[in-house]
Amino acid sequence: MITLLAFIVAIAILVVIHEMGHYWVARLCGVKVLRFSVGFGKTIYTKRFENSETDWVISAIPLGGYVKMLDEREGEVATHELHLAFNRQPVLQRMAIVVAGPAANLLLAIILFWALFIYGVPSLKPVLGEVLPNTAAAAASMHAQETIVSINEQAIPSWEQVSWVLLDLALQGATEARIEARTAQGDIVRHVLNLKALTSGDMDEDFLQSLGLQPYQPLVRPVIGKLVEGGVAQRAGLLPDDKILRVDGQSIEDWKDLVKAVRGHPGQILQLEIERSGMVLALDLTPEATSEANITVGKIGAAPHIDRREFDALLTKVHYAPLAAFGHAVRKTWEIAKVSLKSLGKMVVGEMSLKNLSGPITIADYAGQSAQMGAVAYLNFLALISISLGVLNLLPIPLLDGGHLLYYMAELIKGSPMSEKAWGAGQKIGIALLVTLMALALFNDFSRLF
């Protein structure tokens, strides 16, 4: 229910802002707006305010919305209202009305990022974890626990910024990234990270892993924290604060070693050596066999003891004074929009997999996750989706705002409107493209689920 509610609220906000952009500019240009609808399909609620000619509507399918303007192409217009019709407006005004929707979404993102930067955004410090061998990072002599200070002279305040800047460089076709870092001892070192090794396949998954980069994580010791009531571990006699020393004679250095041993032995007896209150004890347990992603793994119902101080030390709060925050908000919105557009371009030419397309199910999932993480995470999610919506609507596809903008640019160049035949053909092409994109996005959503 949280996921569903968070998704509906997000869509409602984004649609209202988008359509309000069209509405406000249309009214400024003197166009009569007949209907402002949130959602499609059957009308659930309608309201017309005093001295207004616009019906404000909530419809049954909450996956979009529209602004219906007076237009001779959609019905007969009274002679005394012809000057209020959309199609009678100068082409530059029609272009302004069309572009106002996506612009409103980008403006919303700027405002949200601005508020978040003033309040302070909790972020992971840009500290390197173990550098994977035989990778570009290893070749560049990068080492664990180095803190990345800048990339190509751009300041890096968080790990998220590491990802965005390197992704942008990779999409631009850059061959290298100049990285300045600070060692654990406080010395400044410089690296040249080779980006030429990245392939289109690397861009489909976590491309930072392909470069050999991952954020630093403190060692999670093999000490029992919580136990599932009635679970395998509890029934076998394990207690909180027990330290796992060995499994089947193999030393256990951290929690990952224990997880690996348990998952690899479903339904098989494991012999554990544990330390409890200074005494070494032995006990046996049999991991419960569980199906996961078409394989069978073992589970015992235990979680590690976490020293929150070590993890909290890796967090930072990125915040700025109001004026500086606005500048950073504009820049972040521009960077994300630019990366989104480049990614779409790479997908079109086949240099990036179409698996990266996401549909409403994935968006709803992220909405629910971010809502449960708190207001800051949810507002950040709203800003990201608002940018995506703005960029998507500017694509030159008939039916989208960008398609209409393309027609009006052609009209501006040729000096006369596009023919009805051209409009009709474009609508059919647009429908086919959008249906194909939606089907592909839904296929990707279900693939991720199942």
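Colleague: Which residues form the nonpolar patch on the surface?
Modeller: Trp114, Ile118, Phe326 and Val330, with about 310 Å² of accessible area together. This is a predicted model: local features need pLDDT of at least 70, side-chain atom pairs count only at pLDDT 80 or more, and totals for chains, interfaces and linings use all residues. Residues are numbered from 1 along each chain as its sequence is written, and side-chain values use heavy atoms, with hydrogens and water left out.
Colleague: What's the rule for a patch?
Modeller: Residues with over 30% relative accessible area and no salt bridge; like charges are joined within 9 Å, nonpolar side chains (Val, Leu, Ile, Met, Phe, Trp, Tyr) within 5 Å. Areas are Shrake-Rupley with a 1.4 Å probe, and for residues only the protein chains shown count as cover.
Colleague: Which helices supply at least two residues each?
Modeller: α2 (91-119) and α9 (322-348). Helices are DSSP runs of H or I, at least four residues, and strands are runs of E, at least two, numbered from the N terminus. Tryptophan 114 lies in α2 and is partly exposed at 32% relative accessible area (buried is under 20%, exposed over 50%, partly exposed in between).
Colleague: Switching to the sheet. What is the strand order?
Modeller: β5-β4-β6-β7, an open sheet of 4 strands with antiparallel pairing. The edges are β5 (154-155) and β7 (188-194), each pairing on one side only. Two strands pair if DSSP finds at least two bridges between them; β4 (147-151) and β6 (176-182) have 4. Threonine 147 has arginine 182 in β6 as its bridge partner.
Colleague: What lies across those strands?
Modeller: Helix α4 (159-172), at about 40 degrees to β4. Axes are lines fitted to C-alpha atoms, for helices over the stretch in contact, with angles from 0 to 180 degrees between N-to-C directions; contact means heavy atoms within 4.5 Å.
Colleague: How many salt bridges?
Modeller: 16, counting a side-chain nitrogen of Lys or Arg within 4 Å of a carboxyl oxygen of Asp or Glu. One of them pairs arginine 276 with aspartate 242, closest N and O atoms 2.8 Å apart. That pair links distant parts of the chain, 34 residues apart: arginine 276 is in strand β11 (270-276), aspartate 242 in the loop between α6 (232-236) and β9 (243-247).
Colleague: Is aspartate 242 buried or exposed?
Modeller: Buried, at 1% relative accessibility, whereas arginine 276 is partly exposed at 22%.
Colleague: And which residue does arginine 331 bridge to?
Modeller: Glutamate 335, with the closest N and O atoms 3.8 Å apart.

Terms used
Buried < 20%, exposed > 50% of the residue type's maximum accessible area, 1.4 Å probe, protein only.
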